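Dear colleague,

I am passing on the structure below, and after it I describe what turned up when I went through part of it. Please keep it open while you read.

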Amino acid sequence: METDQVDAAAGALLGAYSSGVPVAPLTARYPGLTVHDAYAIQQAQVAAWTAAGAEVRGHKVGLTSAAMQQQLGVDQPDFGVLTDTMFLPEGVTADYGKFLQPRAEPEIAFVLGRPLRGPGVTVASALAAVDFVLPALEIIDSRVADWKITLADTVADNASSGAVVLGARPVKPDALDLSLVGCLLHRDGRLAGTGAGGAVLGSPVNALVWLANTLGQRGVMLEAGHVILPGSVCAAIPFGPGDTVSAVFDRLGSVSITFSEK
């Protein structure tokens, strides 16, 4: 894919953020779009955000469930970048209008205490780099109309990232078996989903290992203090204006966010 096409595709997605109008799938506009091209489009957007003053504060891993991998016909996850502008505090009503077609996912977030660089990262070395884990909600969103995405579409769209909400109770990772941590996901007080850490590649730690090694091959290191979202423990749920979404994790605590009426 030519550089001008990468820039044009990135510009189309960036325009969707500002206009609030989703775009047609990039794979329809560029039939030969590869995953390699898609990551170049993703990085072009990250470059635009950082040039405007945003700071990279972590990464997310997507497509960690067998069901989602089968749906998109892939056999491995993908990743996106988290900037400081994506983090929403608990206890404050979030602006629903900043999203196009959002959905919520409960996740077990890692906060790194020291840098982690692949390749060669193992479960042991990944856990040694983690300072603590937190209950989290990822608000996924798509700048592609009607969520009609292929793998290349979601990768180009920063792995369908939207926002992050972190709980406030840190837990050391050696205090529990992350694969066995159960979760109840609620929308406006009603149960909307259930899951456990094992839904994320067998354990969320495996997603952290994959990310560190994958980024390491690209010359990117995971930084101390960065937040890593390893993937959802259950299927994403849609929500609307005025809704409250909350997740309660066994032995890990809870996290919630309320969205504005408009």
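In helix α1, the buried residues (under 20% relative accessible area, where over 50% is exposed and anything in between is partly exposed, with a 1.4 Å probe and protein chains only) are Val6, Ala9, Ala10, Ala12, Leu13 and Ala16. Seen down the axis of α1, these buried residues fall within an arc of 150 degrees, so they line one face of the helix; the arc is taken from the directions that run from the helix axis to the C-beta atoms. The face turned away from that buried side carries Thr3, Asp4 and Ser18, which are exposed.

Before going further, please note that this is a predicted model, in which local features need pLDDT of at least 70 and side-chain atom pairs count only at pLDDT 80 or more, while totals for chains, interfaces and linings use all residues. Residues are numbered from 1 along each chain as its sequence is written, and side-chain values use heavy atoms, with hydrogens and water left out.

Helices here are DSSP runs of H or I with at least four residues, and strands are runs of E with at least two, numbered from the N terminus. Helix α1 covers residues 3-19, and its 17 residues reach 24 Å from the first C-alpha to the last, close to the 24 Å expected at 1.5 Å a residue, where the expected span is 1.5 Å times one less than the number of residues. After α1 comes Gly20, with a positive phi near 75 degrees.

What covers the buried residues of α1? The cover, judged by contact (heavy atoms within 4.5 Å), includes α2 (26-29), α3 (35-51) and α6 (151-156). Between α1 and α3, the residues Val6, Ala9, Ala10, Leu13, Leu14 and Tyr17 of α1 meet Ala40, Ile41, Ala44, Gln45, Ala48 and Trp49 of α3.

Turning to α3 itself, its buried residues are Asp37, Ala38, Tyr39, Ile41, Gln42, Gln45, Val46 and Trp49, and what covers them includes α1, α2, β1, β2 (78-83) and α6. The residue Gly53, which follows α3, has a positive phi near 115 degrees.

Finally, Thr64 lies in the loop between β1 (56-62) and α4 (66-72). Is Thr64 buried or exposed? Thr64 is buried, with a relative accessible area of 7%. Leaving aside residues up to four places away in sequence, Thr64 touches Gln69, Pro77, Ala199, Val200, Leu201, Ala207, Pro230, Gly231 and Ser232.
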